[in-house]
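Hi,

Here is the structure I promised to pass on. Have a look at it first, and my notes follow below.

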Amino acid sequence: MDLPAASAHERVQADLNDDGVPEEVVYLTSPDYCGTGGCTLLILQRSPSGLRLVSRTTIVRPPIRLLPTRTKGWRDLVVKVAGGGGPTREVRLRFDGGGYPLNPSLQPNAPEPDLRDRTLIPAP
């Protein structure tokens, strides 16, 4: 999978599934991928034919944190959600076997930040 041409983004590598090969965590920040609630987060996995889309999560705001906990073999993530009349909060994204949730606003609150957490994409 190629990233959309000329799209603004932040990108970091992190081994999310403990296979020794880092995944690409991509936060798309161009207007085509953002709305009032936030922007789109992609998780891409390396394969022999290039990058493969594992997951797409919309309405995300940074910081994006990597937790030490795992669900179905993949690390849990934390993102911020805001807008839509609800409170601004951080939520936990758990891998469901096929990807991370599309809509983070429906997810449970995240645990308080911990020294074991790793910030992948910091808040502006």
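Cysteine 39 is buried, at 10% relative accessible area, while cysteine 34 counts as partly exposed at 26%. For these words, buried is under 20% relative accessible area, exposed is over 50%, and partly exposed is in between, using a 1.4 Å probe and protein chains only. The two cysteines form a disulfide with their sulfur atoms 1.9 Å apart (the rule is a pair of cysteine sulfur atoms within 2.5 Å). The structure holds 1 disulfide, and this link is right-handed, with 105° about the S-S bond.

Before you read on: this is a predicted model, where local features need pLDDT of at least 70 and side-chain atom pairs count only at pLDDT 80 or more, while totals for chains, interfaces and linings use all residues. Residues are numbered from 1 along each chain as its sequence is written, and side-chain values use heavy atoms, with hydrogens and water left out.

Now the overall fold. Along its principal axes, the C-alpha trace spans about 45 × 35 × 25 Å. Of the 124 residues, 44% count as buried.

What sits inside? The largest nonpolar core has 22 residues, and those touching the most other members are Leu16, Val25, Ile43, Ile64, Leu77, Tyr100 and Leu120. A nonpolar core here is a set of buried Ala, Val, Leu, Ile, Met, Phe, Trp, Tyr and Cys residues joined through side-chain atoms within 4.5 Å. Among the elements that give two or more residues to this core are strand E1 (9-14), strand E4 (38-47), strand E5 (50-71) and strand E8 (118-121). Apart from it lies another core of 5 residues, including Val26 and Leu42.

On to the charges. The count comes to 7 salt bridges, each a side-chain nitrogen of Lys or Arg within 4 Å of a carboxyl oxygen of Asp or Glu. In one of them, glutamate 90 meets arginine 65 at 2.9 Å, N to O. Glutamate 90 lies in strand E7 and arginine 65 in strand E5, so the pair ties together parts 25 residues apart in sequence. Arginine 65 is buried, with 4% relative accessible area, whereas glutamate 90 is partly exposed at 21%.

Aspartate 76 and arginine 92 also pair up, at 3.0 Å, N to O. Aspartate 76 is in strand E6 and arginine 92 in strand E7, so this bridge ties together parts 16 residues apart in sequence. Both of these residues are buried.

Finally, aspartate 114 bridges to arginine 116, with the closest N and O atoms 3.2 Å apart. Here aspartate 114 is partly exposed at 33% and arginine 116 is exposed at 57%. Salt bridges that share partners also join Arg11, Glu24 and Arg46 into one network.

Cheers

Conventions. Helix = DSSP H or I, 4+ residues; strand = E, 2+ residues; numbered from the N terminus.
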